[in-house]
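Here is my note on the structure below. Please read it with the model open beside you.

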Amino acid sequence: MTDGTRVPALEVDGLRVEFGRLPAAVQAVQRVSFSVDPGETVAVVGESGSGKSVTGLAIMGLVDPPGRITEGDVRLAGKPLTGMSESEYRRVRGQDLAMVFQDPLSALNPVRRVGDQIAEAARVHGASRAAARARSIDMLERVGVVPAARQARAYPHELSGGMRQRVMLAMALVNRPQVLIADEPTTALDVTTQAQILELLADLQAEMGLALVLVSHDLGVVAGIADRVLVMYAGRIVEEGPADRVFAAAGHPYTRGLLASVPRADDARPVLAAIPGTPPDPTALPTGCAFHPRCALAEDACRETRPELRALGEGHRAACLFADDVSVGARSL
Amino acid sequence: MSVLLEADGLVKEFPARGGSVRAVDGVSFSLAAGETLGLVGESGSGKSTIARLVVRLLEPSQGSIRIDGDDISHLSRRALRSMRRRVQIVFQDPYSSLDPRMTARSIVAEPLKIAGRSRDIATRVPEVFALVGLGPEHEGRYPHELSGGQRQRIGIARALVVQPEVLVLDEPVTALDGSIQAQILNLLARLQSELGLAYLFIAHDLAVVRHMADRVAVMHLGRLVETAPTEELFLAPSHPYTQALLSASPIPDPARERARQRIVLTGELPDAVDPPSGCRFRTRCWKAREECAARPGPALEERGQGHPVACLFPLADRIPDTAE
């Protein structure tokens with residue numbers, strides 16, 4: 001949380017993203033607000049269709065029609081980004097704000113050498129040809145694609161998945177941005193490679209004072225890297241707070257359910273407590289709390305009114321009528 | 001328990017640039033009736049090739065696969081057909097493994113047709129739909145009209161319709177969302193206890209394997225490096241590669257994640273066309289010494305009851321941060 005004296009690196013305020021036109025518009029993201037300080041890692045957790053990836057794209061100004069931001073603001077170090085022209089946004093993107101995706105193969109140009117692609121990212125933002133080349137080699141060295149001078153001449157298909165993701169990180173960070181959005185950056189990788197990339201990401205973050213937004217479905221990865229966690233369900237934040245609090249004392253039955261349903265490598269669980277049903281169709285969201293059809297605690301009130309986020313202390317909030325009880329385990333699923 | 005399926009010295013070679021690659025290089029294992037053997041490894045380890053060999057979508061280059069003593073390694077097409085009644089496979093991706101132009105009913109009925117049992121369709125198809133938790137209303141739907149979890153249930157129903165004894169499950173929940181994974185894992189556990197099925201459960205996710213398997217075999221670049229009863233493997237992993245895998249497997253608990261001492265491997269998975277001599281893990285292993293490079297590399301050696309390890313310097317100690 002901000003202490004009032006320093007400006008957060010990134011602020012998202014009342015963000016709403018819709019796809020299509022009313023009355024049939026799909027609300028992909030609704031009233032999402034959060035901020036990330038320099039050096040802080042905030043994880044956005046959710047399943048497919050929860051709105052977590054769209055949130056990341058909206059921050060980057062990369063929501064394509066028919067999708068559009070219909071409400072809310074995104075601010076970078078206090079400076080509003082929403083409402084900028086595409087050419088203004090392009091200057092910010094890659095300079096102060098960068099993103100890496102799950103699949104580096106589709107994000108890299110297959111017919112250009114990786115060193116040239118990184119250099120170009122620096123060139124676009126004003127570096128001379130020689131300086132861009134030098135920075136490209138430096139970054140490759142820094143992310144462990146070595147020997148950098150030789151690897152810079154490789155084409156993406158000549159590199160392994162882990163090496164390609166390192167190249168993506170080099171490209172994203174070559175202009176020393178303040179904010180990095182990483183959307184499932186290790187999901188396509190093997191666990192041993194994933195561990196390498198997560199360690200690299202943490203090192204780079206500490207070194208550069210990056211504000212990191214990690215979009216992920218993997219609670220294990222999130223537990224290892226996040227300072228704070230936002231849990232999204234059906235387009236909304238249903239729980240947020242310090243990672244320790246969210247994992248140890250979740251106040252939303254959905255968060256509890258997710259945690260209880262994942263098998264753990266450190267624990268033998270006889271039966272997994274699966275959440276029944278499936279996430280709702282975004283074109284036909286349930287009334288009241290969107291999770292109520294799958295919730296063992298649901299009462300009439302849950303079907304009628306959508307609960308607001310309630311404070312549970314220490315910046316921990318959950319959007320459940322029974323959040324206090326759920327959080328302390330007085331109501332269990 | 002009696003051995004139902006037995007693989008002995010399996011080798012599968014594929015042509016590759018300038019030579020060939022042994023995707024599977026001398027793998028032996030057995031599976032008892034009603035048992036789950038977990039097969040774990042990273043991409044390129046050869047675990048999916050094993051899946052395809054066991055259901056004979058691929059023919060082994062060397063070695064044998066026996067079911068109840070019958071060698072199925074080199075059967076004729078006709079003989080394969082009756083073998084497939086006994087061994088079925090469920091694939092990772094229910095999106096691409098179901099024909100989008102067929103209804104759920106025809107997808108599930110197809111193995112019966114191939115087996116020449118079309119007359120059983122009317123009774124058997126509704127039975128397996130119910131078995132996997134789907135109703136008559138799902139029978140007429142096309143794959144795109146079903147959710148990911150429902151599609152995987154169709155994949156399981158298709159495998160079960162011919163009443164097999166062995167199911168090969170190749171990453172059956174990897175493509176599914178968290179809240180749906182648990183539903184499918186619970187379904188598979190229930191089906192196993194109701195039907196007495198044997199599972200060859202292939203996955204890269206150690207947490208899922210710990211949950212499902214009775215025994216676990218760890219694969220690295222075409223070879224098995226360690227096999228053990230599940231709890232023993234997780235509490236006392238002995239091959240350095242198994243330790244590295246376990247240590248890299250994230251745990252959904254921030255306090256534990258902070259307290260862990262992670263083994264982060266350096267370097268890349270070696271080229272399978274030209275693997276290192278001797279132990280194929282030695283180029284990434286922090287315990288490797290000169291003798292690890294000696295050919296043909298360490299063989300699996302029994303190091304406790306049913307716990308063979310292929311390492312010259314196996315680690316006997318328990319990992320303090322994952323053992324409880």
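Helices (H or I, at least four residues) and strands (E, at least two) are DSSP runs, numbered from the N terminus. This is a predicted model: local features need pLDDT of at least 70, side-chain atom pairs count only at pLDDT 80 or more, and totals for chains, interfaces and linings use all residues. Residues are numbered from 1 along each chain as its sequence is written, while chains are lettered from A and ligands numbered from 1 in the order in which they are written.

1. **Chain A overall.** Chain A has 13 helices and 12 strands. Along the principal axes, the C-alpha atoms of chain A fill a box of roughly 65 × 50 × 40 Å.

2. **Burial and contacts in chain A.** Of the 333 residues in chain A, 50% count as buried. A residue is buried if 20 or more other C-beta atoms lie within 10 Å of its own, exposed if 12 or fewer, and partly exposed in between; C-beta atoms are placed from the backbone. Take the contacts in chain A with a separation of 6 or more: 63% of them join residues 24 or more positions apart. Two residues are in contact if their C-beta atoms, placed from the backbone, lie within 7 Å.

3. **Chain B overall.** Chain B has 10 helices and 12 strands. The radius of gyration of chain B is 21 Å, close to the 20 Å from the globule rule for 324 residues, so chain B is as compact as a globular protein of that length. Its C-alpha atoms fill a box of roughly 65 × 50 × 40 Å along the principal axes. Buried residues make up 48% of the 324. Among contacts in chain B with a separation of 6 or more, 65% are between residues 24 or more positions apart.

4. The axes of α11 (residues 253–261) of chain A and α6 (residues 178–195) of chain B come within 9 Å and cross at roughly 45°. That makes α11(A) oblique to α6(B). Axes are lines fitted to C-alpha atoms, for helices over the stretch in contact, and angles run from 0 to 180 degrees between N-to-C directions. Angles under 35 degrees count as roughly parallel, over 145 as roughly antiparallel, 65 to 115 as roughly perpendicular and the rest as oblique. The crossing of α11(A) and α6(B) is left-handed. A crossing is left-handed if the near helix is turned anticlockwise from the far one by less than a right angle, and right-handed if clockwise. A:Gly257, A:Leu258 and A:Ser261 meet B:Gly178, B:Ser179 and B:Ala182. This contact of α11(A) with α6(B) has 2 nonpolar, 4 polar and no charged residues.

5. **A helix pair within chain B.** Helices α3 (residues 104–114) and α4 (residues 121–131) of chain B pack at about 120°, with their axes 10 Å apart. That makes α3(B) oblique to α4(B). The crossing of α3(B) with α4(B) is right-handed.

6. **Cis peptide bonds.** A cis bond joins A:Pro65 and A:Pro66, with omega about 10°. A:Pro66 is in the loop between α1 (52–60) and β4 (67–76) of chain A. The bond from B:Arg295 to B:Pro296 is also cis, with omega near 0°. B:Pro296 lies in the loop between α10 (254–259) and β11 (301–302) of chain B.

Definitions and conventions:
Rg over C-alpha atoms; globule rule 2.2 N^0.38 Å. Nonpolar A, V, L, I, M, F, W, Y, C, P; charged D, E, K, R; others polar.
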